[in-house]
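Hi,

Here's the structure I said I'd pass along. Have a look at it first, and then read on for what turned up.

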Amino acid sequence: LGERGYAVINIDRPSHIINAIESGLDEAATLDGFRFPPIDKDFSYNDAKRRAFCSLFEIGVATFSALTHGTSLPKSLRNAVQTCERKQRESPSPRASLFGTNFDSDEPFSQPSLDPFGHSFFNLFSYENGMLNSHIDRGLVTVIAARMPDTSSCQSQWKQSAALWVKASSTNDDSTNTTQTADCWWNMDQELQQQQHKSSCNVIVLLGQDSESLPFANLYNLHAAEHSVRVDPKGTFISRSHFRPDPSMPTDVCSRLSAAFILRHNFDENA
């Protein structure tokens, strides 16, 4: 995470989390646009989307808790983590506190301003209909699950397909007291494909902007990750990127699917 700007976490249990993530990616394959929830129309959650949200939420909280263990946090943020951990002990499934009493709401948080992480959000993406220019996520951490095209059946090459790229973190050179920024981008889809296992799934974790000011980020020299989903991560900015695929991607190349969750918390920095 410190050297490359990302971490890959292998999820091998419990099975309900793996199944929920895979079902969420199945839902991404059915989208008639680029993303869920869509930008420009009404939407509703179904059971599979709700379960995918809950599973990525659980991974996000657990990852952030592990990263910040033993470090100081603003009081409201520490309370938020502890509240989620207590709920997890009381009920192993986050479904107990998300999407309403009957798990049938289209809003994951009944009172976002009062819920510890009520401003978190979730997206499904189908990249045959859009792309993401280079950007840095707000929030504490981003958790991403992806399904890449089978290059053997699609007869495509990695260089032709839009992929998730993460830019390498800046490095500090203590001998010269300078910061070096490597113009190096890591192809995360290739890495995920190489680490794929039948009985488990991998997720990518990126640090968000809201974490950079926290003590643990300074302690471990962590930075928010610049990333994009393009054929070429250094490509020119494309306007209306949520409404058209990368123009560099051939039309006969199979596209990727992904589910992303951004853990957010509005905390009082003075608390």
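**Starting point: T142**

The side chain of T142 makes a polar contact with the side chain of D137, at 2.8 Å (a polar contact being a pair of N or O atoms within 3.5 Å; within protein, one must be able to donate a hydrogen and the other to accept it, and residues adjacent in sequence count only if both atoms are side-chain atoms). Before going further: this is a predicted model, so local features need pLDDT of at least 70 and side-chain atom pairs count only at pLDDT 80 or more, while totals for chains, interfaces and linings use all residues. Residues are numbered from 1 along each chain as its sequence is written, and side-chain values use heavy atoms, with hydrogens and water left out.

Back to T142, which lies in strand 5. Helices (H or I, at least four residues) and strands (E, at least two) are DSSP runs, numbered from the N terminus. T142 is buried, with a relative accessible area of 2%; buried means under 20% relative accessible area, exposed over 50%, and partly exposed in between (1.4 Å probe, protein chains only). Leaving out residues up to four places away in sequence, T142 touches D137, I204, V205, L206, F261 and I262, where a contact means heavy atoms within 4.5 Å. The C-alpha atoms of T142 and Y6 are separated by 9.8 Å, although the two residues are 136 apart along the chain.

**The chain overall**

The secondary structure comes to 6 helices and 12 strands. Of the 271 residues, 48% are buried. Among contacts with a separation of 6 or more, 81% are between residues 24 or more positions apart. The chain exposes about 13,700 Å², with carbon and sulfur atoms supplying 45% of that (Shrake-Rupley method, 1.4 Å probe; for residues, only the protein chains shown count as cover).

Strand 2 is joined to strand 3 (residues 121-126) by 2 bridges, and the two run antiparallel. Within that pair, R35 stands opposite F125 in strand 3.

Helix 2 is mostly covered, with 18 of its 22 residues buried. From first C-alpha to last, helix 2 reaches 32 Å, close to the 32 Å expected at 1.5 Å a residue (the expected span is 1.5 Å times one less than the number of residues). N46 caps the N-terminal end of helix 2, with a side-chain oxygen 3.3 Å from the backbone nitrogen of A48. After helix 2 comes G70, whose phi is positive, near 80 degrees.

Helix 1 has 14 residues and reaches 20 Å, close to the 20 Å expected. Its buried residues include I17, I18, I21 and L25. The buried residues of helix 1 pack against helix 2 as well as strand 1, strand 3, strand 5, strand 10 and strand 12.

What covers the case of strand 11 (residues 226-230)? 4 of its 5 residues are buried, so strand 11 is largely enclosed by the rest of the structure. Strand 4 (residues 132-136) pairs with strand 11 over 3 bridges, with L132 opposite V229.

Cheers

Note on methods: Two strands pair if DSSP finds at least two bridges between them.
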